[in-house]
Amino acid sequence: MRRRVAIGILGTTLDAGRTDDRWKKWRPTVALCQQQGLFIDRLELIHGTQSRQLATQIIADIEQVSPATEVRPHIIGMRDPWDFSEVYTGLRDFARGYVFDPEKEDYLVNITTGTHVAQICWFLLTEAHFIPARLLQLSPRKDGRDDVSGSHSIIDLDLSRYDAIATRFTAERDEATSFLKSGIATRNPAFNQMIDQIEKVTIRSRAPVLLTGPTGAGKSQLARRIYELKKAQRQVSGAFIEVNCATLRGDQAMSTLFGHVKGAFTGAQNERAGLMKSANKGVLFLDEIGELGIDEQAMCLRAIEEKRFLPVGADQDVISDFQLLAGTNRDLSIGVKEGRFREDLFARLNLWTFQLPALRDRKEDIEPNLDFELRRFGEREGQNVTFNREARDLYLKFAIAPQAMWRANFRDLSASITRMATLAPLGRINEETVRDEIERLTMLWRAGDAGDREAILVEALGVERQSRIDLFDRPQLATVLEVCRDSNSISAAGRKLFAVSRLQKTSGNDADRLRKYLMRFDLSFEDVARK
């Protein structure tokens, strides 16, 4: 059975009393050792240097009412018991130097005595687990009668033990995650789990958060919702500043991010604060951070870690305390290997990384997002638009089919719903409207396929050599090149390309077969893989 240990501050007023009449008075530190059903094995009694005499008397009185209770006095010198910084530091130092053994001892922190500042500090230290204890509150009355021993109540800061509070916390957490999802009842388990984690990180941490995923997966919208949630929780008071790093080029990049002083360069006729300064006390979202130049990356790292940076042409640092959110559709680890992205900045960003899946990987979420886009259209245009049942079924069947590519992800879906809602006769999307939209999307995706294939060929061969490839050979060669780029070795690429013929045992060595195919176009796997 664990020993029960109480920790408390001597009450210079409530515990005082020198004559025999003191035994008729409720003295909380003495009463602590008189509680029925709450035997105290040891009391850690904290007092100031000017209270030695009172402490000696209280220890003697406790020995009379509870001889088996060991009392250990601790002197903490506090000049001003109402100074929050001084009191917190003193109690924190006590906690840091105390050897806690929760497996063998059960700790109670008595918040009855001491100033209100001390009580607040006890709560903060206990709630943050610097002290592994529960809180103890004593009262001078018991069952409405005068009683020198009074009564007590124990407060466990593990709020999950209190059903009503736990239920409320669960509801608030659900509200927060729903808010991050813009109120969309998403069904994809992996996405919902990720949002749950983001909600916890958002509330509990100010560390940078990196949002990755393909273009149109919702990084910008999620970043803004994170900011709005933190603002609702009163964790930030400043603005949400968003910048697409792909638009920052040349000398203006530094000025845009970090600001400049007047006369810093030709044309700098006025001082400029810069976006990082504008984000002070708020959130800065650097979208497509992989596009930042190396010099800007170095200054960003310092701004994140030290909350200060040097504007262009300035001699003195500027301070800005912001939380950084970053977005990218690139694999930054590859950028690090290729020397395009700083390894130290990537390490700083990679503490919290969340990969937003493409829409094609969340097809069960297309239907709730369809309803969301219709509501958003109605709010934007002041027009209520709905599907008829057959049209809705037809569109959803197409939307979740394997051939639905959703190249721009939710931007594709949003544009598609907007087109149908705009063209819907009398605010009702019918089957004809859906068929026209399906045809339009199919054509857009085919054009995108062709563009992607041409880009792959030009990248591997150059414009001149690519133009000499027969139209018949281009799709096949583009597919081969794409598989090679996604494979770690020529053998792995060969296994993907010739999987069927290998099962039929009609192929020879897959790697050799691929090597010979590439040689027809004066290419090697090494050339393609490097690109």
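A disulfide is taken here as a pair of cysteine sulfur atoms within 2.5 Å. By this criterion, a search of the whole structure finds 0 disulfides. Cys300 is in no disulfide, and the nearest cysteine sulfur, that of Cys245, lies 7.0 Å away. The structure is a predicted model, in which local features need pLDDT of at least 70 and side-chain atom pairs count only at pLDDT 80 or more, while totals for chains, interfaces and linings use all residues. Residues are numbered from 1 along each chain as its sequence is written, and side-chain values use heavy atoms, with hydrogens and water left out.

Burial was assigned from relative accessible area, with buried meaning under 20%, exposed over 50% and partly exposed in between (1.4 Å probe, protein chains only). Cys300 is buried, with a relative accessible area of 2%. Cys33 also counts as buried, at 9% relative accessibility.

Helices (H or I, at least four residues) and strands (E, at least two) are DSSP runs, numbered from the N terminus. Two strands pair if DSSP finds at least two bridges between them. On this basis, 5 strands form an open sheet in the order E8-E9-E12-E7-E13, with parallel pairing. Its edge strands are E8 (240-244) and E13, each of which pairs on one side only. Neighbouring strands of this sheet are turned by 15° against each other on average, direction ignored. Angles run from 0 to 180 degrees between N-to-C directions, and axes are lines fitted to C-alpha atoms, for helices over the stretch in contact.

Strand E7 (residues 209-212) pairs with strand E12 (residues 323-328) in the parallel sense over 4 bridges. E7 also runs parallel to strand E13 (residues 353-355), to which 3 bridges join it. Leu210 has bridge partners in both neighbours: Ala326 in E12 and Thr353 in E13. In a regular strand the side chains alternate between the two faces of the sheet. In E7, Val209 and Leu211 point one way and Leu210 and Thr212 the other way, and all are buried.

Helix H15 (residues 410-423) has 14 residues and should span 20 Å at 1.5 Å a residue, which agrees with the 20 Å between its end C-alpha atoms. The expected span is 1.5 Å times one less than the number of residues. The buried residues of H15 are Phe410, Asp412, Leu413, Ser414, Ser416, Ile417, Met420 and Ala421. Trp406 is found in the loop between helix H14 (389-399) and H15. Trp406 is buried, with a relative accessible area of 0%, and its phi is near 45°, a positive value in a residue other than glycine.

A positive phi, near 60°, is also found at Lys307, likewise a residue other than glycine. Lys307 is placed in the loop between helix H10 (294-306) and strand E10 (308-309), and at 23% relative accessibility it counts as partly exposed.

Helix H18 (residues 474-485) packs against helix H21 (residues 510-519) at an angle of about 125°, with the axes 12 Å apart. H18 and H21 are therefore oblique to each other; angles under 35 degrees count as roughly parallel, over 145 as roughly antiparallel, 65 to 115 as roughly perpendicular and the rest as oblique. Their crossing is left-handed, meaning that the near helix is turned anticlockwise from the far one by less than a right angle. Arg474 is placed in H18 and counts as buried at 17% relative accessibility. The C-alpha atoms of Arg474 and Phe240 are separated by 46 Å, the two residues being 234 residues apart along the chain.
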